[in-house]
Amino acid sequence: MGSRLDPDRPRPVPDMASDAERRRQLTIRRIDAALARIEAGEYGYCAICGEQIAAGRLDREPTTSVCADCARPGGPT
Ligand SMILES: [Zn+2]
């Protein structure tokens with residue numbers, strides 16, 4: 001008589017998730033963070049320099065939390 005809930009059965013761990021699943025989780029986290037910023041009244045402002053993020057940039061990347069300057073690999077000039 002076997003139990004349906006076998007505690008010894010290996011469970012999938014996050015590290016073994018596919019790339020697509022990881023990307024989906026990352027996107028969900030970014031959206032959650034964006035929603036939190038909206039609630040805090042900080043959405044649309046750079047998390048690094050505090051400047052307003054250009055509307056065009058938010059259109060392309062709605063979940064971004066930094067302005068184009070701060071997102072550059074070299075950082076703000
Ligand atoms: Zn910035």
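Which residue takes a positive phi just after H1? Gly41 does, at about 75°. The model is predicted. The protein holds three helices and zero strands. Of its 77 residues, 4% count as buried.

**Overall layout**
- Along the sequence, the pattern reads α-α-α.
- Consider contacts between residues at least 6 apart in sequence: 24% of them join residues at least 24 apart.

**Helix H1 and the residue after it**
- H1 runs over residues 19-40, which gives the helix 22 residues.
- From first C-alpha to last, H1 reaches 31 Å. That is close to the 32 Å expected at 1.5 Å a residue.
- H1 is hardly covered. Among its 22 residues, the count of buried ones is zero.

**Cys70 and helix H3**
- Helix H3 covers residues 68-71, and Cys70 is found in this helix.
- Is Cys70 buried or partly exposed? Cys70 counts as partly exposed, because 17 C-beta neighbours lie inside 10 Å, whereas a buried residue needs 20 or more and an exposed one has 12 or fewer.
- Cys70 pairs up in space with Ile48: the C-alpha to C-alpha distance is 6.9 Å. In sequence, Cys70 and Ile48 are 22 residues apart.

Conventions:
Residues numbered from 1 in each chain as written. Predicted model: local features only at pLDDT ≥ 70, side-chain atom pairs only at ≥ 80, totals over all residues. Helix = DSSP H or I, 4+ residues; strand = E, 2+ residues; numbered from the N terminus. Contact = placed C-beta atoms within 7 Å. Expected span 1.5 Å × (residues − 1).
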